[in-house]
Amino acid sequence: MKKLILVRHGKSSWDMPVKDHGRPLNNKGIKNSNLIFEQIQTKLPERFLVWSSTAKRARDTAKIFNEVLNIPQELTVLNEDLYTFDEATLTKTIKNCNDSVPSLIIFGHNNAITDFVNKFGDKFIENVPTSGVVIIEFSQENWNTINNGKTVTTLFPKDLINAD
């Protein structure tokens, strides 16, 4: 069985004149990422590998995740193939994961994430929002054969903010 945890990067800032790849998180992105990661801890598997897009906003979101969960930063693998907005490219990257990895956590981008969860999960999600997390379990033993997964968890900032 394989478990995939997809995390859309936190809300980014458009205030600075930088290229898309270099856009940082804004304050709301930082706040929501902290909020989500404090709540998601109990849903995470014991063993996992963390991959992040090389874009600054995704790397910074992964950094917050690592800080909240006390994971050394150097354990996050930066993967330039995850700087994609295309589900097919995201799928190809995930399917190339080593089969010895039981659970994979990915920090990436839309539309790739929303399109992926709707293709491989069993629950339609109109849009995975910034800082949103979707966990899908697959019965397959090999990453390159995953299909027809079960969406076991969704956690979005609005779920926590409206709960107050």
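Predicted model: local features only at pLDDT ≥ 70, side-chain atom pairs only at ≥ 80, totals over all residues.

**Helix packing and salt bridges**

Mentor: At 29% relative accessibility, Lys 56 counts as partly exposed. Lys 56 forms a salt bridge with Asp 60, with 3.0 Å between the closest N and O atoms. Both residues belong to helix α2 (residues 56–69) and stand four residues apart, about one turn of the helix.

A further salt bridge joins the side chains of Glu 87 and Lys 119, at 3.5 Å from N to O. This pair links distant parts of the chain, since Glu 87 lies in helix α3 and Lys 119 in helix α4, 32 residues apart. Glu 87 is buried, with a relative accessible area of 14%, whereas Lys 119 is exposed at 53%.

The axes of α3 (residues 87–95) and α4 (residues 112–120) come within 8 Å and cross at roughly 70°. That angle makes α3 roughly perpendicular to α4. The crossing of α3 and α4 is right-handed. On the α3 side, the contact involves Glu 87, Leu 90, Thr 91, Ile 94 and Lys 95; on the α4 side, the residues are Ala 112, Ile 113, Asp 115, Phe 116, Lys 119 and Phe 120. Of the residues in this contact, six are nonpolar, one is polar and four are charged.

Note on methods. Residues numbered from 1 in each chain as written. Heavy atoms only, no water. Axes fitted to C-alpha atoms, helices over the stretch in contact; angles between N-to-C directions. Helix = DSSP H or I, 4+ residues; strand = E, 2+ residues; numbered from the N terminus. Parallel < 35°, antiparallel > 145°, perpendicular 65-115°, else oblique. Left-handed = near helix turned anticlockwise from the far one by under 90°. Contact = heavy atoms within 4.5 Å. Nonpolar A, V, L, I, M, F, W, Y, C, P; charged D, E, K, R; others polar. Salt bridge = Lys/Arg side-chain N within 4 Å of Asp/Glu carboxyl O. Buried < 20%, exposed > 50% of the residue type's maximum accessible area, 1.4 Å probe, protein only.
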